[in-house]
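I am opening a notebook on a structure that is new to me. The entries below record what I looked up, in the order I looked.

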Amino acid sequence: MIRTALATLILAVSATASLAHSKPEDTTPVNDTTVEVVDVISIRFNDPMRVTAITMTGPNGAVDVDRETGLEPVTEFLAAPAAAIPAGVYAVEWRGLSADGHPMQGTFGFTVSE
Ligand SMILES: [Cu+2]
């Protein structure tokens with residue numbers, strides 16, 4: 001009886017472990033790079049992610065971002081700055097809901113050259 005319960009417990013634990021959360025794999029612009037123009041902001045995930053919030057900050061503070069991707073889970077999230085952005089250092093922060101239901105968040109940054 002105890003052996004059966006233990007076997008069931010091990011099965012339950014390994015089933016949970018195999019359902020990993022979605023993770024970011026790559027971004028545009030690439031993290032820690034210098035670019036001349038930013039007309040697309042994208043984040044690629046290994047499994048679908050429902051991106052619930054994205055914020056971008058730069059030398060003049062918050063930057064308006066237009067979402068191309070809505071609130072549906074995607075493996076590639078797409079957005080763009082609402083207007084041309086000046087040279088400087090930028091950071092993008094996002095929050096989302098992983099395919100396994102876990103809340104996730106991440107940041108990446110880049111420099112726009114003169
Ligand atoms: Cu997870």
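Entry 1, terms. Before reading any strand pairing, I noted the rule: two strands count as paired if DSSP finds at least two bridges between them. I also noted that this is a predicted model.

I applied the rule to β3 and strand β4 (residues 61–63), which pair in the antiparallel sense over 3 bridges. Because at least two bridges are needed, this pair passes with its 3. I found that 2 residues lie between β3 and β4 and that the two strands form a hairpin.

Which way do β3 and β7 run, and how many bridges join them? They run antiparallel, joined by 8 bridges. In this part I located Val51, which stands opposite Gly96 in β7. I then turned to β6, which is antiparallel to β3 and joined to it by 5 bridges. There Ile41 has Ala79 of β6 as its bridge partner. Last I checked β1, which pairs with β3 over 4 bridges, again in the antiparallel sense. Asp26 has its bridge partner, Arg44, in β3.

I looked up the largest nonpolar core and found 21 residues in it. Met56, Phe77 and Phe110 have the most contacts inside this core. The elements giving it two or more residues are β3 (41–58), β6 (74–81), β7 and β8. Which element gives the largest share? That is β3, with 7 residues.

I listed what Phe110 touches, leaving out residues up to four places away in sequence. Among them are Pro29, Val30, Thr33, Val35 and Val38.

Which protein residues are donors of the copper ion? I found His21 (ND1), Asp100 (OD) and His102 (ND1), at 1.9 to 2.5 Å from the ion. Along the chain, the donors follow the spacing H-x78-D-x1-H. His21 lies in the loop between α1 (2–18) and β1 (24–28), and His102 in the loop between β7 (88–98) and β8 (103–112), so the pair ties together parts that are 81 residues apart in sequence.

I looked up the relative accessible area of His21, which is 30%, so His21 is partly exposed. For His102 the value is 40%, so His102 is partly exposed.

Conventions:
Residues numbered from 1 in each chain as written. Predicted model: local features only at pLDDT ≥ 70, side-chain atom pairs only at ≥ 80, totals over all residues. Heavy atoms only, no water. Donors = N, O, S within 2.8 Å, 3.2 Å for Na, K, Ca; no water. Buried < 20%, exposed > 50% of the residue type's maximum accessible area, 1.4 Å probe, protein only. Core = buried A, V, L, I, M, F, W, Y, C linked by side-chain atoms within 4.5 Å. Contact = heavy atoms within 4.5 Å.
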